[in-house]
Amino acid sequence: MEATRPFASGWCDPSFPLALGGVLQLWLCELWLLLLGSGLNAYFLPHEEDVDFINEYVTLHNDLRGNVYPRGSNLRFMTWDVALSRTARAWGKKCVFKPNIHLEEIHMAHPTFNGIGENMWVGPENEFTATVAIKSWYAEKKYFNFENGTCSKNCSNYMQIVWDNSYKVGCAVTPCKRIQNIRHAALFICNYAP
């Protein structure tokens with residue numbers, strides 16, 4: 001006599017006959033259990049060239065830049081740049097929360113621009129959205145003194161978002177097994193030019 005297989009409640013029903021549909025159902029149940037057991041989750045991070053992802057972060061950058069007070073005299077409209085997003089992805093694949101050391105090198109990070117700016121965010125993969133990360137950078141506004149252009153604490157991420165000469169942005173998010181003490185981390189990087 002064969003031992004009965006355990007079933008995940010709600011996903012598999014042992015009363016299904018093992019006809020073609022039942023075999024498929026059983027196979028899907030076993031696949032689901034295998035994925036659960038492997039530690040993989042069903043959450044997938046967007047690719048750097050995903051149009052919805054691009055629209056989310058470019059639109060948010062422009063909305064936040066449009067709300068800067070006092071208004072920047074040369075504040076330009078941000079547009080997406082594929083080379084900047086690929087640079088962000090390439091550095092993100094290293095899974096280190098440290099600035100890209102090649103951004104100042106001529107033609108290393110971009111075919112046209114040099115002196116590329118960068119913002120980085122790291123957090124749990126299942127909590128990532130571009131909006132959460134970008135708004136956390138923008139929140140550094142409270143440390144910026146508009147009168148003399150200085151920061152009371154780190155506000156470099158905020159300054160990068162509102163840098164008036166910048167008009168190109170490219171971002172990427174990379175899944176990492178671990179960054180610092182965060183398991184299943186998401187490393188989100190935005191690069192800015194010029």
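Mentor: Happy to. Let us begin with a term: a residue is buried when its relative accessible area is under 20%, exposed when that value is over 50%, and partly exposed in between. Please keep in mind that this is a predicted model. By that cut-off, 37% of the 194 residues in the protein are buried.

Here is the setting for our helix. The protein has 5 helices and 6 strands, and along the sequence they follow the pattern α-α-β-α-β-α-β-β-α-β-β. Of the contacts between residues at least 6 apart in sequence, 65% link residues that are at least 24 apart.

Now to helix 4, and to its buried residues. These are A130, A133, I134, W137 and Y138. They span an arc of only 140° around the axis, so they lie on the same side of helix 4. What do the buried residues of helix 4 pack against? Their partners are helix 2, strand 2 (117-124), helix 5 (156-162) and strand 6 (182-193).

Let us take the first of those partners in detail. The axes of helix 2 (residues 51-66) and helix 4 (residues 130-138) come within 10 Å and cross at roughly 25°. Because angles under 35 degrees count as roughly parallel, helix 2 is roughly parallel to helix 4. Their crossing is right-handed. On the helix 2 side, the contact is made by F53, E56, Y57, L60, H61 and L64, while helix 4 contributes A130, T131, I134, K135 and Y138. Sorted by class, this contact has 7 nonpolar, 2 polar and 2 charged residues.

H184 lies in strand 6 and has a positive phi of about 50° although it is not a glycine. For context, most residues other than glycine have a negative phi, and most peptide bonds are trans. With 38% relative accessibility, H184 counts as partly exposed. H184 and E125 are 59 residues apart in sequence, yet their C-alpha atoms are 5.7 Å apart in space. In the segment after strand 6 you will find P194, joined to A193 by a cis peptide bond with omega of about -15°.

H107, in the loop between helix 3 (82-92) and strand 2, has a positive phi of about 60° without being a glycine. At 52% relative accessibility, H107 counts as exposed.

Note on methods: Residues are numbered from 1 along each chain as its sequence is written. This is a predicted model: local features need pLDDT of at least 70, side-chain atom pairs count only at pLDDT 80 or more; totals for chains, interfaces and linings use all residues. Side-chain values use heavy atoms; hydrogens and water are left out. Axes are lines fitted to C-alpha atoms, for helices over the stretch in contact, and angles run from 0 to 180 degrees between N-to-C directions. Helices (H or I, at least four residues) and strands (E, at least two) are DSSP runs, numbered from the N terminus. Angles under 35 degrees count as roughly parallel, over 145 as roughly antiparallel, 65 to 115 as roughly perpendicular and the rest as oblique. A crossing is left-handed if the near helix is turned anticlockwise from the far one by less than a right angle, and right-handed if clockwise. Contact means heavy atoms within 4.5 Å. Ala, Val, Leu, Ile, Met, Phe, Trp, Tyr, Cys and Pro count as nonpolar, Asp, Glu, Lys and Arg as charged, and the others, Gly among them, as polar. Buried means under 20% relative accessible area, exposed over 50%, partly exposed in between (1.4 Å probe, protein chains only). The arc is that of the directions from the helix axis to the C-beta atoms.
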